[in-house]
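Please keep the structure in view while reading.

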Amino acid sequence: MFNYPTLTWADIGAIGWLVDGAAIMNQVPLCRCSYGPYARAMVRVCKEESFHQRQGYTIMMELMKGTKEQKAMAQDALNRWWWPSLMMFGPSDKDSKHSAQSMRWKIKRFSNDELRQRMVDMTVPQAELIGLKIPDDELKWNEEKGGYDFGEINWDEFYQVIAGNGPCNKERLEVRNKAHNDGAWVREAAITYANKQKVQRA
């Protein structure tokens, strides 16, 4: 997610609603996974993510009550963040290298595609409720499976992003490296102080 730009205030709403919503969808089942320390930690994580998700949806809801420009801003944010949020569940089951093993060990309780389907089924009615349109021309309700059919994710984009070639990857790394370099004097001062303390205690 940090490889995509945030262009407007509506992005904060879309990220909270969709990205944190996807995180919750992934993490809630982990609260009952086979690895105890991970499961216990996830309980607290999910509480925080739940707040972010509600906050994000509230932002989008308020924008959709606003002016024509505010509504357009909310729709634009949804258009840009919808597909990246579905990518958060990882590659499709047939291409996932670790899902089968994680399922056998009961670390994962649901597959990537199962969780992605749940996300779509949960989010579409939320979008419709406040007047937003999901940016997927292939989206339609499938009565037989009791869920939505939806379009194919751009997996080329997915693999480019995780390979470090996302839209903002270079910029993000430059900011990180600049912060590291700008903080060199702090690290040097801390080392100097620590060395003085050692000498005084000797």
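Domain bounds here come from an automatic or database domain assignment. On that basis, the protein is divided into domain 1, residues 9-165, and domain 2, residues 167-201. The model is a predicted one.

**Domains**
- Between the C-alpha centres of domain 1 and domain 2 the distance is 36 Å.

**Largest pocket**
- The volume of the largest pocket is about 320 Å³.
- Its lining consists of 19 residues.
- Nearest the centre of the largest pocket lie Phe89, Ser96, Ser99, Lys108 and Asn112.
- Two helices, H5 (112-129) and H6 (155-165), each contribute at least two residues to the lining of the largest pocket.
- H6 provides the largest share of that lining, with three residues.
- Sorted by class, the lining of the largest pocket comprises nine nonpolar, six polar and four charged residues.

**Helices H7 and H8**
- Helix H7 covers residues 169-182 and helix H8 covers residues 184-201.
- The axes of H7 and H8 come within 4 Å of each other, crossing at roughly 35°.
- On the H7 side the contact involves His180, Asn181 and Asp182, which meet Ala184, Trp185 and Arg187 of H8.
- By class, this contact of H7 with H8 is made up of two nonpolar, two polar and two charged residues.

**Ser92**
- The loop between helix H3 (68-87) and helix H4 (99-104) contains Ser92.
- Ser92 counts as buried because its relative accessibility is 9%, and buried means under 20%.
- Leaving out residues up to four places away in sequence, Ser92 touches Asp113, Arg116 and Trp155.

**Lys106**
- Lys106 sits in the loop between H4 and H5.
- Its relative accessible area is 55%, so Lys106 is exposed, the cut-off for exposed being over 50%.
- Most residues other than glycine have a negative phi.
- In Lys106, by contrast, phi is positive, near 65°, and the residue is not glycine.

**Points to check in the viewer**
- Which residues lie nearest the centre of the largest pocket? They are Phe89, Ser96, Ser99, Lys108 and Asn112.
- Is Lys106 buried or exposed? Lys106 is exposed, at 55% relative accessible area.
- Which residues does Ser92 touch, not counting residues up to four places away in sequence? Ser92 touches Asp113, Arg116 and Trp155.

Terms used:
Residues numbered from 1 in each chain as written. Predicted model: local features only at pLDDT ≥ 70, side-chain atom pairs only at ≥ 80, totals over all residues. Heavy atoms only, no water. 1 Å grid on protein atoms, 1.4 Å probe; cavity = no way out; pocket = protein on both sides within 12 Å on 5 of 7 lines; lining within 4 Å. Points joined across faces, edges and corners; volume = space filled by probe spheres on them. Nonpolar A, V, L, I, M, F, W, Y, C, P; charged D, E, K, R; others polar. Axes fitted to C-alpha atoms, helices over the stretch in contact; angles between N-to-C directions. Contact = heavy atoms within 4.5 Å. Buried < 20%, exposed > 50% of the residue type's maximum accessible area, 1.4 Å probe, protein only.
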